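Dear colleague,

I am passing on the structure that we spoke about, with some notes to read beside it. Please look it over when you have the time.

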Amino acid sequence: MQITVIGLGYVGLVNAVYLASLDREVFGYDIDKNKISLLRQGVSTLEEPNLQSLLTESLHNLRFSSNHKDAIRHATHIFICVDTPQAKDGSVDLKNFYSVLDNIVEDSVQDQCIIIRSTVPVGTNRIVKKYLEDRSQYHFDVISFPEFLSQGKAVENMIQPDRLILGVSDQKGIAHAKEIAQMYLIKKAPVMITSCENAEMIKYASNSFLAMKISYINNIAQLCEKVGADVEKVAKGMSLDPRIGESFLKAGIGYGGSCFPKDTNGLYWIANDNSVPMEIVRSTIKINESQVQFFLDKIYKRFKSLSALNVAVLGVAFKGGTEDVRQSQAIPIVKAMLEKNANVVVYDPLAMDNFQKLFARHTHIKYVDYPSDALKNADVALILNDSEEFLSLKPIDFIMNMRKPVIFDGRNLYKVESMEGTEYHSIGRPSLTTKVKSRKSL
Ligand code: UDX
């Protein structure tokens, strides 16, 4: 088996390195020459736990290139892992995906097995086979193999998947699917081999369901604030019903990242295209968008004006444990702070460089190396992701550093009662506003 992985983002790079770690020779292709140059030197282009060490160990099995001819010609198995971003109208932009197919048509010199790991609209995988075979003299078996990697746990998820879903378009594909599944079964996991349409749908339906759980609990959180309930206790009570479970019921400022926003919009668009109104997905998206405003309104209610206030922003990646700022809730929140003329100081353990690139025009945002530096003389602290480092902060860290310890926690990181001494606001839980200490009083 000669493996080529096309597209070396989260999905592609982790796949390529994982397959190489199984002592298979893997050819990694990416259009980005800088990325290829770093990977050739054995430098991981992603901050994923254990990825660098796995890359170092497996480098002898890896070749990297930005020449698609080299990558495609000798491959018997091509894993397509390019991004399929959201288009302006909410549909799925398949430009990069089709340009890979055109490369395959141009460069292949033999029959090939194409394994599609990119998230593509339902029906695409079946079209791919026809698209390739109509334009080439070779035969192509196409397997839909959606990925379910969670950033920050990508290597772990790859080595120990919860499940493997593979879609095939005919009987012949089943043998290929079994052979591929075998490579991902170091540890035991359920394997489902099904139609391409089912596999594609499972990916959209799973991600949108998880996103829906988040929006549901966020909507409940909004109501909790009005009726004097505590969303954390409510979620805990709900999760005691094993049919509901406890995951993805953490209220906060909403989901971000490269998957949920794109996949919920993608599913909504696919449904509309097929004349199946999916109001539940539309509501999921709308509630998620409203969650940022809900958080901002709390801040605006607390401060008459934010002009010249020192705002410490802790966490700008879309979640903790990643450097990824794509669709991060921190983006609209920091923009709103800047529009109100606040002085913004940012700290994130991993994502500051990416955030700084995104806000390159805003040269007055200050980036600091420690949370305590961000908190120093701040009038308000905004906690926007669940980086582990923030969990160890104690009320004393806010009290001793800030002018007045006013905290808006957008991720419900701390138990409300443990924050006594600070003015503490979170999502869907009671606020602490009395017995606030100041550094002078200590
Ligand atoms: C997600 C899916 O979990 C993964 O299976 C899929 O393959 C890709 O999309 P990821 O984007 O890495 O993975 O992030 P995830 O950990 O699922 O979190 C997504 C967003 O939801 C984050 O912004 C997170 O902070 C938020 N979230 C998550 C909540 O607000 N509440 C929760 O209870 C869980």
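Predicted model: local features only at pLDDT ≥ 70, side-chain atom pairs only at ≥ 80, totals over all residues.

Residues are numbered from 1 along each chain as its sequence is written, and side-chain values use heavy atoms, with hydrogens and water left out.

Six strands make an open sheet with parallel pairing, in the order S11-S10-S9-S12-S13-S14 (strands are DSSP runs of E of at least two residues, helices runs of H or I of at least four, both numbered from the N terminus; two strands pair if DSSP finds at least two bridges between them). Its edge strands are S11 (366-367) and S14 (423-425), each of which pairs on one side only.

Helix H13 lies across S9, S10 and S12, at about 155 degrees to S10 (axes are lines fitted to C-alpha atoms, for helices over the stretch in contact, and angles run from 0 to 180 degrees between N-to-C directions). The axes of H12 (residues 279-302) and H13 come within 10 Å and cross at roughly 30 degrees.

Lys319 sits in the loop between S9 (310-314) and H13 (330-339). Lys319 has a relative accessible area of 22% and is therefore partly exposed (between the limits of under 20% for buried and over 50% for exposed, with a 1.4 Å probe and protein chains only). A polar atom of the Lys319 side chain lies 2.6 Å from the backbone oxygen of Gln151.

Best wishes

Key: Polar contact = N/O pair within 3.5 Å; in protein donor to acceptor, adjacent residues only side chain to side chain. Contact = heavy atoms within 4.5 Å.
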